[in-house]
Amino acid sequence: MISVESFLRNHKPVDASVFNKNDVKNKNVCVEDDCSLEAVNSHYSENSVEIGDCEENSCHSSYRLQKYNSFNNKAVKKVDSKKACDFDSCKECALRMLDYAARSSNDLKNRLIDKGYRENIVESVIIRLEDLHLIDDEQYAQSVIRSCSSRTLGERATRMELQKKGVASAIITSSLQDARENGVFEQSAWDLGKKVAQRTRNLEPDVRRRRFFSAGARKGHDLNTLNEVYYALFKS
């Protein structure tokens, strides 16, 4: 007779869960020293069959999971295709975007297309919102210019900001011209000069000059305007 301990010591299974004392007890197999090798082999064979069944079940489960995921992906695509042709859904999405923040017509159009709506549906929604005066690119451009002026930005930086927000080129040109004629960017340069002059009042003249012109360049101001402000605020 051979003991279970001796058998396991000389024949270690690949998976410890295949054969251990608890498994043997559950199968009513003796684990005492007088346990027969035939009983051990019988138990080992039974567990091998069970493991095979588990592997087969695992394969079926994996197949069912893949089939479920595939079905879900198709369902999501189907919902997206329905939504893409839904005028009311597109309009509601546009209104939510406008409720969050004012936008140009081009910016709103691009965002709706990115959401998955068809371009012809989006264009119809944009026209409808313009008819309701919920979108006005000229007013939007003026609000952007006011925001840039409060940040002491110059004309060049303001133009870049308008382009980034999707405002049409013709509207950008006309809006910037109106702002220039009203002295918006000149006043912005003076505001910037006053701030820099106040912050650098205890520094050397060369340092003050360098910091002012560096700030003016970053803010996108015209060099002639910066020179005028510099000689008025830093040289007096």
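Me: What pattern does the chain follow, read along the sequence?
Reply: This is a predicted model, and read along the sequence its chain follows the pattern α-α-α-α-α-α-α-α-α-α-α-α. In terms of counts, the chain has 12 helices and 0 strands.

Me: And how much of the chain is buried?
Reply: Of the 236 residues in the chain, 31% are buried. As for contacts, if you take those with a separation of 6 or more, 61% of them are accounted for by residues 24 or more positions apart.

Me: Let's look at some helix pairs. At what angle do α8 and α9 pack?
Reply: Helix α8, which spans residues 155-164, packs against helix α9, residues 169-181, at an angle of about 150°, and their axes are 11 Å apart. Angles over 145 degrees count as roughly antiparallel, and α8 and α9 are therefore roughly antiparallel to each other. Their crossing is right-handed.

Me: Which residues meet there?
Reply: On the α8 side they are Glu155, Thr158, Arg159, Leu162 and Gln163, and these meet Ile172, Thr173, Leu176 and Arg180 in α9. Sorted by class, the contact of α8 with α9 has 3 nonpolar, 3 polar and 3 charged residues.

Me: OK, now α10 and α12. How are they oriented to each other?
Reply: Helix α10 (residues 184-199) and helix α12 (residues 223-233) pack at an angle of about 40°, with 10 Å between their axes, and they are therefore oblique to each other. The crossing of α10 and α12 is right-handed.

Me: What does α10 bring to that contact, and what does it meet in α12?
Reply: Helix α10 brings Glu186, Ala189, Trp190, Gly193 and Lys194, which meet Thr225, Glu228, Val229, Ala232 and Leu233 in α12. By class, the contact of α10 with α12 has 5 nonpolar, 2 polar and 3 charged residues.

Me: Changing topic: which residues of α5 are buried?
Reply: In helix α5, which runs over residues 105-115, the buried residues are Ser105, Asp107, Leu108 and Leu112. They lie on the same side of α5, because they cover an arc of only 165° around the axis.

Me: What covers them?
Reply: The cover over the buried residues of α5 includes α4 (87-100), α6 (119-131) and α7 (137-150).

Me: And what follows α5?
Reply: Helix α5 is followed by glycine 116, which has a positive phi, near 115°.

Me: Where are histidine 133 and threonine 152 found?
Reply: Histidine 133 lies in the loop between α6 and α7, while threonine 152 is in the loop between α7 and α8.

Me: Is histidine 133 buried or exposed?
Reply: Histidine 133 has a relative accessible area of 69%, and because exposed means over 50%, histidine 133 counts as exposed.

Me: And threonine 152, buried or exposed?
Reply: Threonine 152 is buried, since its relative accessible area is 4%, and the cut-off for buried is under 20%.

Technical notes:
Residues numbered from 1 in each chain as written. Predicted model: local features only at pLDDT ≥ 70, side-chain atom pairs only at ≥ 80, totals over all residues. Heavy atoms only, no water. Axes fitted to C-alpha atoms, helices over the stretch in contact; angles between N-to-C directions. Helix = DSSP H or I, 4+ residues; strand = E, 2+ residues; numbered from the N terminus. Parallel < 35°, antiparallel > 145°, perpendicular 65-115°, else oblique. Left-handed = near helix turned anticlockwise from the far one by under 90°. Contact = heavy atoms within 4.5 Å. Nonpolar A, V, L, I, M, F, W, Y, C, P; charged D, E, K, R; others polar. Buried < 20%, exposed > 50% of the residue type's maximum accessible area, 1.4 Å probe, protein only. Arc of directions from axis to C-beta.
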